[in-house]
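Work through the exercises below with the sequence and the model open, trying each task before reading its solution.

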Amino acid sequence: MKTSTPAVSRRNFLQISALAGGGFALSYALPGTAFAQAPGLDNTARAFTPNPFIKITPDGIVILVAKNPDAGQGVKTALPMILAEELGADFKKVTIEYGGLDPQLGAQFAGGSLSVPMNYQTLRRAGAVARTVLVQAAADTWGVPAAECEAENSTVIHRPTGRVLGFGDLATKAASMPLPDEKSVVLKRPKENKLIGNRVGGVDNPAIVTGQSLFGLDQKVPGMVHAVYVKCPVFGGKPVSANLDRLKKLPGVLDAFLVEGTNDYYGLLPGVAIVGDSTWATFKARSLLDVTWDEGPGAAQSSAAYEEAAAKAAAGAGKEMRNDGNVAAKFASAAKVVEAAYHYPYLHHATLEPMNALAIPTADGGLEVLAPTQTPDDAKNVAMKVSGLPAEKVKLRFTRIGGGFGRRLVNDFVAEAVAVAMKVGKPVKLTWTREDDTRHGQYRPPAWHYLKGAVDASGKLSAWQNHFVTVGLNSTAEPARAAELSNNELPARFLADYRLERSITSTNVPTSWLRAPGSNGLAFVFQSFIDELAHAGGRDPLEFRLELLGEDRVLPGNGQWEPPYNTGRMKGVLRLAAEKSGWGKKLPKGSGQGIAFHFSHSGYVAEVADVTVTPDGALTVDKVVVAVDVGPIINPSGAENQIQGSIIDGLSGAWLQELTIENGAVVQGNFHDYPLLRINDAPKIEIHFIESDNPPTGLGEPAMPPLPPAVCNAIFAATGKRVRRLPLVRTDLAWS
């Protein structure tokens with residue numbers, strides 16, 4: 001892969017001609033090899049652009065488009081790899097470009113671990129169309145059957161004679177040929193792959209390590225000013241007045257004003273804008289800002305009150321969500337019944353790059369926005385709504401993202417940048433502080449699970465009941481965003497006697513999707529309680545889980561977010577994780593293994609954690625063995641990166657992190673009170689893939705949910721102490 005135009009030899013240069021859309025294309029008098037033939041190659045240089053994903057210039061530059069935002073999940077590398085594989089391109093010599101927001105490219109977002117599964121077939125066909133035409137162009141040039149030709153390393157080879165033509169040699173001819181129906185092209189068989197399945201470093205890695213401009217915070221344009229946007233600490237509050245006149249007199253401050261905003265938690269909220277000639281000037285002025293806030297009715301809310309409300313709700317009857325069999329009868333006849341209350345708190349995405357956006361009013365009355373967003377299409381809609389401009393007047397460009405994890409699925413920061421830019425009529429770079437990020441995020445919702453489970457005389461799980469208490473955004477009628485629990489969530493459908501009730505407690509705190517939404521809390525609860533029941537039944541936790549999954553079969557799905565569930569694939573990763581971890585080995589007191597699995601985003605993942613706990617309660621997570629089945633792996637380097645990140649991210653949340661609410665506002669503000677896992681606490685991570693012919697699915701999320709329960713179950717094995725609420729730092733792990 002390269003990122004710049006190669007040098008051109010003068011003796012090969014034939015002409016320079018203008019390309020449509022600007023720039024120049026070069027063509028050559030001589031083909032790239034001694035065997036190539038000039039006849040059939042005209043000298044009217046044209047780029048070959050069979051579809052929006054591929055461009056091959058007559059000077060041999062192969063440009064592949066990365067269509068989805070890259071938040072570190074590696075799609076800017078993986079998606080072009082799929083294209084290059086089918087095209088037959090030499091990936092080391094192609095240029096990768098962002099496609100920008102373009103409807104021709106289809107859905108463009110980074111979320112739900114969907115980038116690979118949604119684009120896999122589309123990109124394969126796009127590459128195969130281009131390859132088919134290039135091969136035909138070469139065959140026509142040589143006067144041979146296309147079946148005797150093959151694309152390889154950005155060339156077409158005539159196998160019987162060894163003649164070779166480069167893609168650049170064929171670009172002009174290919175550009176004049178009709179394109180085949182994409183449904184008619186022949187795709188490579190998996191065993192023919194030469195790129196997919198090999199380790200490829202991230203295409204942006206050189207630029208990242210050399211500090212080149214890639215991220216939203218790097219962007220700048222002439223005449224740009226800077227802004228901060230201050231919102232009421234209490235969610236739902238708004239500014240009444242502020243010392244704006246004083247702020248405007250400060251060095252470097254250009255303007256300061258109130259923004260009325262709306263009550264849309266995912267759009268433009270009311271606030272105070274401060275505009276200056278530098279980020280430092282605006283941050284300095286912000287420190288002197290004195291605002292009178294109308295805090296609204298949310299000011300009395302707190303985490304302690306939510307906890308009390310949850311317990312009160314659980315003591316009564318909830319809304320029945322599912323009721324299979326006769327749970328009461330099974331409890332009455334059970335050999336053992338276990339009751340437990342589990343809880344996980346609000347979590348924050350904690351991206352290393354704070355929220356930011358650059359909004360540029362243009363001379364024609366339009367608007368251009370540059371933003372590190374996971375949802376560029378929504379970001380454009382937000383910009384249109386705030387600016388009042390029609391779609392044709394708003395242009396959205398997205399940058400590489402310095403950490404997303406779902407936070408940048410919401411474009412509230414874009415709304416603020418646009419509002420300020422429209423007010424001042426200049427390009428405005430809006431930057432959030434770390435405290436803005438922490439105290440005005442879109443959080444992982446908390447939940448409380450009041451569980452009751454039974455095992456029969458043979459130690460088999462026989463009944464399950466859950467009164468699930470979740471949060472609503474200023475509502476007791478509907479769960480807040482990302483706070484739902486599916487009626488089909490395991491062990492539903494795996495037990496004949498199962499009951500689920502739901503209650504909702506109202507909060508003023510906005511929530512949204514955080515890496516492996518829903519699953520990132522539910523797996524902790526259910527896989528921990530299953531472990532409790534296994535021990536209650538005197539069973540091995542691995543065998544107990546395999547028995548629960550039952551015979552190999554596929555349970556039907558229920559739409560995109562509840563795909564079919566293949567129990568055989570899940571059992572396969574469970575057995576593999578157990579085998580590779582040495583499950584069942586004898587360990588001394590204070591050391592333990594824990595196992596957990598979870599089906600998330602169509603990925604089958606099981607994990608075994610090894611931990612050590614000292615008698616005074618100091619925890620070390622020694623090792624995590626991960627077994628994964630997501631079909632074929634496009635780029636093992638990127639896949640392992642995603643799993644390692646999920647383990648570290650999951651361990652940070654389970655061990656250290658919690659957001660609390662007091663007086664209607666978030667208490668924590670920065671990494672000192674909302675820490676990330678440090679390198680000295682990171683475990684050894686061992687990853688094993690089960691590759692299959694199933695369609696590939698994403699890996700950004702499914703490895704995270706099993707981590708907390710695997711660690712907590714290991715802690716129980718080591719100490720006999722059951723962790724029923726997160727984070728771990730709230731539990732005394734000392735033993736004797």
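**Exercise 1: overall size**

Task: compare the radius of gyration of the protein with that of a compact globule.

Solution: for 736 residues a compact globule would have a radius of gyration near 27 Å, and the protein has 29 Å, which agrees; the radius is taken over C-alpha atoms, and the globule rule is 2.2 Å times the number of residues to the power 0.38. This is a predicted model, in which local features need pLDDT of at least 70 and side-chain atom pairs count only at pLDDT 80 or more, whereas totals for chains, interfaces and linings use all residues. Residues are numbered from 1 along each chain as its sequence is written, and side-chain values use heavy atoms, with hydrogens and water left out. Next, the C-alpha atoms fill a box of roughly 85 × 70 × 45 Å along the principal axes.

**Exercise 2: a helix pair**

Task: describe how helix 1 and helix 2 pack.

Solution: begin with the geometry, in which the two helices (DSSP runs of H or I, at least four residues, numbered from the N terminus) pack at an angle of about 35° with their axes 6 Å apart; axes are lines fitted to C-alpha atoms over the stretch in contact, and angles run from 0 to 180 degrees between N-to-C directions. Then turn to the contact (heavy atoms within 4.5 Å), to which helix 1 gives residues including Leu79, Ile82 and Leu83, while helix 2 gives, among them, Tyr120, Leu123 and Arg131.
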